[in-house]
Amino acid sequence: MALLEVENLQTHFRTPSGINRAVDGVSFHVNEGETLAVVGESGCGKSVTSMSLMRLIPEPPGRIAGAIRFAGKDLLRMSDREMRAIRGNDISMIFQEPMTSLNPVLTVGRQIRETLMIHQGLDKQAAETHAIEMLTLVGIPEPKRRVREYPHQLSGGMRQRVMIAIALACNPKLLIADEPTTALDVTIQAQILKLMLDLKRRVGAAIILITHDLGVVAEIAERVMVMYAGRKVEEAPVAELFRSPRHPYTQGLLGAVPKLGSSLAGTTTRLAEIPGQVPDLRKPIAGCVFAGRCALATDLCRQYAPGLEEKGPGHIAACHYASKGAVAA
Amino acid sequence: MSVPLLQVNDLKKHFPVNKGLFGRQTEFVYAVDGVSFEIARGETLSLVGESGCGKSTVGRAILRLFDVTSGQVVLDGQRIDDAHPSTMRQLRQRIQVVFQDPFSSLNPRMRVRDILAEPIRNFGLAKSATDLETRVTALMDTVRLPREALNRRPHEFSGGQRQRIGIARALAAEPELIVCDEAVSALDVSVKAQIVNLLQDLQREFGLALLFISHDLAIVEHMTHRVAVMYLGKIVEIAPRREIFAAPRHPYTKALLSAVPLPEPGAKRNPIILGGDVPSPINPPKGCRFHTRCPFVFDRCRTEEPHLRSEGEQWVACHLDALPAG
Amino acid sequence: MTDTTVNPQVLPAGLVLAPQLPDILRPVTIRRGFIGFLRSHPTVAIGGVLLLMLVLIAVFAPYLWTVDPTALAPAKRTRAPSAVFWFGTDALGRDIYSRVLFGARVSLTVGLSVAIFASAAGLAIGMVSGFVRWADGILMRFMDGLMSIPPILLAIALMALTRGSVGNVILAITVAEIPRVSRLVRSVVLSLREQPYVDAAVACGTRAPMIIVRHILPNTVAPMLVQATYICASAMITEAILSFIGAGTPPTIPSWGNIMAEGRALWQVKPYIVFFPAAFLSITVLAVNLLGDGLRDALDPRMAKRL
């Protein structure tokens, strides 16, 4: 059985200008110790999905429906109390902006300690020792001094390491990383990605990586799910997805990213554009969500939303026209 | 060789920071500390580096959004760093800018028509009201926006469309150089490709020179002719695209390039992972500014500052490079 | 988009369709225009309606079954509210209902005038200190000085220098309110100057006066409007306080503060003399504050950006 099974997740928001169907019928699973990347552009619902998993969506104006089974239990049916025991303990989260997700008036050590004392029932002394161990684990030099420092005394990279330390403090089974390196500089991003790869091997937690950066996906994910306009449009093992994307949106996305070193190979061609704009999610979309921007779209696409179909081993895509079997890359 | 369109000579910009209760102890942020480069007509020069390296400050100094501390900015043989305000206003027509954030770079209370008309009116480019209207509609066609959009306000557009409006405004002045300050960084992947393609088309069509300020190396490689790599207010390497991406010489350039994650799963990479963080530009390290993070640091780097030395068209500021090969 | 429909019978075999999912929220009826705005911002509607009613009362006070508010009637002193004297009469036999209605004129005049004058003066001072670096220090230190004196004390001091009249009350309260507006305008101007669109306008060759008129001023209007409502409310309270302690409107003109002051000695035995003007003052201040809160929510760009 998978560690996390999400079935027909819908997260809608009531807004003055209509109902925003931010996530509309998304199903996926995460196995133990596996890294699943959720890829998509802003507004595709990837962050709302992750917030829904943690039940961090304010209701109202939001509402979540469907099923989120974590280790067999539906998180959506749990009481707030049960949910609090899961957050930060069995499932924890790393956010994009490490400055705003740490409390500026508490020391780093105290913030790690608190998680441990609440969830693991450790006493202050044991929690302190464990906090120092966690800081060592995430590669912070002089951890004994750093536990007594405040977030503003740390650099952006260091703060993200502290966030990871807090997230991993209780040995979570699932770690949700929402754009963990987006706010960081390239060289710092490289440090954090290396750390995440190391920790993946050592800690063994399953990871849901939310990102828009296909480079980061290729670096650490095992399986990738592509989202567009609140739906899942494609899912495949990482190598398969990059080698033979089936959904026209995924193909467009991969074609739109220039590759480093392309000028040397003499392959600097015009970037592939996806014409048009993301649809307005406040208006119901009858057929395929991508039909308005898709070169292959026909009347069939505009009327009947395609379901997810198996297009290859472990490879599913929601497109009426995506071919089955291998396609030439 | 003909006169370059833009010359920047030993540009310095130090921002004062007041410390202490009465602002007596003044320290300086050495945002840009001796930067020189040239841009030829129709050329794209990219300024790359991480946040705080001073690349945006260089762009703003060229636009003269503030006065520089020292150094010269010369446009087509004419100094702009000390130009009189009235002269400057005429010179501004030749250098335009596209900013990063498509949401704050357009005045929310103005219609697109008025946004585009502003530079045309200021520089007296239109002969009549009909000419103005023709120009404004032509600009919309150029950046591939519907003409009806002229009567709408910025909040009715998506990020990509707003960036097109920003580009149209820059083009309205008929400039020779456009400073693109992280112009595509805030955009989504598919929209980014649209804007990159648009910029390339416009450059070809109008023979524009671009100063492309970005931290996204893959986009830079795609767009640029030459690249200048900045670190803590200084250029550490400046070279044509081929040299930078095929054979980077400065250890920082090497690290920067190797740190970019590639969208190819299982690609064999040996990233040079730099330890530590960028030091504060208030107290930049003595000697080579990169010595605190450089994997190849030796004694001379800590005391003596390296200067840009050329090998062909590739200029590098590194002591290691001065050593005999082997 | 074409109007051709695909006949369901000829759907290709083996076509996989997405499952139909129900809507989990009741549909939203989208209202546009003025009514839609009031619906989505009920505080603006409530505050606005209340304030409008009070303005109408003040304007049409002579026609709302009032008598001369200054007419003395020693025989009918301190009557309780009745069918004849709706709000009762005061210690000199004057009709409190008439006095309260006419008193609305003073309060609203003072509130609105102070809001307008303080905003105008504050806007000018704030603009100058936001743009002229050397003037900024001087102006702001002077404003700090003014702000260190409680506005009431400042107004009392200013009133002590002049004769009691509505005009002087307005002037005194305006002076006391100017620092708040100028600080607000200055901070808005400083943050607007950092906006990329202002830099872009500079790069477009726009002259400084045009930048102020076209790019800075229009974007200070919203926060100014909100601030003006709060100033209006606080000016009405200050006016009432000044009149209450005898430093404001002369006793010949009925104002809510005056009426309350005159009823003060009797408030334990004849509470209605104080109650009615106090109630009107509270409702007016509430209405203005509701309007201000609603406008702030409606105009705040951060709130508007959310969803």
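Some questions and answers on this model follow.

This is a predicted model, where local features need pLDDT of at least 70, side-chain atom pairs count only at pLDDT 80 or more, and totals for chains, interfaces and linings use all residues. Residues are numbered from 1 along each chain as its sequence is written, while chains are lettered from A and ligands numbered from 1 in the order in which they are written.

Q: Which helix gives the most to the side of chain A that touches chain B?
A: Here 39 residues of chain A are in contact with 36 residues of chain B (contact means C-beta atoms, placed from the backbone, within 7 Å). Helix 7, helix 8 (214-220), helix 9 (238-243) and helix 10 (248-255) of chain A each give two or more residues (helices are DSSP runs of H or I, at least four residues, and strands runs of E, at least two, numbered from the N terminus). With seven residues, the top contributor is helix 7 of chain A.

Q: Which helix gives the largest share of the side of chain C that touches chain B?
A: In this interface, 14 residues of chain C meet 20 residues of chain B. Two elements of chain C give two or more residues, helix 7 (196-203) and helix 8 (208-244). The largest share, seven residues, comes from helix 7 of chain C.

Q: What is the angle between helix 3 and helix 4 of chain C?
A: The contact pairs Ile125(C), Val128(C) and Ser129(C) of helix 3 with Ala135(C), Asp136(C), Leu139(C) and Met140(C) of helix 4. Axes are lines fitted to C-alpha atoms over the stretch in contact, with angles from 0 to 180 degrees between N-to-C directions. For helix 3 (residues 96-131) and helix 4 (residues 133-148) of chain C, the axes are 6 Å apart and the angle is about 135°.

Terms used: Contact = placed C-beta atoms within 7 Å.
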